[in-house]
Amino acid sequence: MPKRVWRLTLVAEEAEGTTETELARIERSEASGLADLGLSLEEVKHLTAALQAGIVTAQVATVGECRRRA
């Protein structure tokens with residue numbers, strides 16, 4: 001049965017360049033019903049946690065780098 005796949009990627013643009021981090025991969029069968037529309041609660045929780053981890057990790061690295069230079 002064919003599937004539709006969405007890849008959600010966090011893209012960070014910095015002076016040194018761009019980095020991409022895949023946060024989630026969501027798959028749905030093309031035969032999915034109305035109950036499968038949108039994201040499930042578990043998918044939202046996973047996506048939010050991955051997004052938070054990606055952003056906080058980058059922010060901590062930036063703050064650390066700024067403090068080393070000071």
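Visitor: How are helices and strands assigned and numbered here?
Guide: Helices (H or I, at least four residues) and strands (E, at least two) are DSSP runs, and they are numbered from the N terminus. In this protein chain the elements run β-β-α from the N terminus on, which comes to one helix and two strands. The radius of gyration, taken over C-alpha atoms and compared with a globule rule of 2.2 Å times the number of residues to the power 0.38, is 17 Å for this chain, well over the 11 Å that the rule gives for 70 residues, so the chain is more spread out than a compact globule. Along its principal axes, the C-alpha trace spans about 55 × 25 × 10 Å.

Visitor: What should I keep in mind about the model and its numbering?
Guide: This is a predicted model, in which local features need pLDDT of at least 70 and side-chain atom pairs count only at pLDDT 80 or more, while totals for chains, interfaces and linings use all residues. Residues are numbered from 1 along each chain as its sequence is written, and side-chain values use heavy atoms, with hydrogens and water left out.

Visitor: Are R28 and E30 buried or exposed?
Guide: Buried means under 20% relative accessible area and exposed over 50%, with partly exposed in between (1.4 Å probe, protein chains only). R28, which has its place in strand β2 (residues 17–29), is buried, with a relative accessible area of 15%. E30, in the loop between β2 and α1 (41–69), is exposed, with a relative accessible area of 52%. Across the protein chain, buried residues make up 9% of the 70 residues.

Visitor: Which polar contacts does the side chain of R28 make?
Guide: A polar contact is a pair of N or O atoms within 3.5 Å; within protein, one must be able to donate a hydrogen and the other to accept it, and residues adjacent in sequence count only if both atoms are side-chain atoms. The side chain of R28 reaches the backbone oxygen of G38 at 2.8 Å, and it also makes a polar contact with the side chain of E43 at 2.7 Å.
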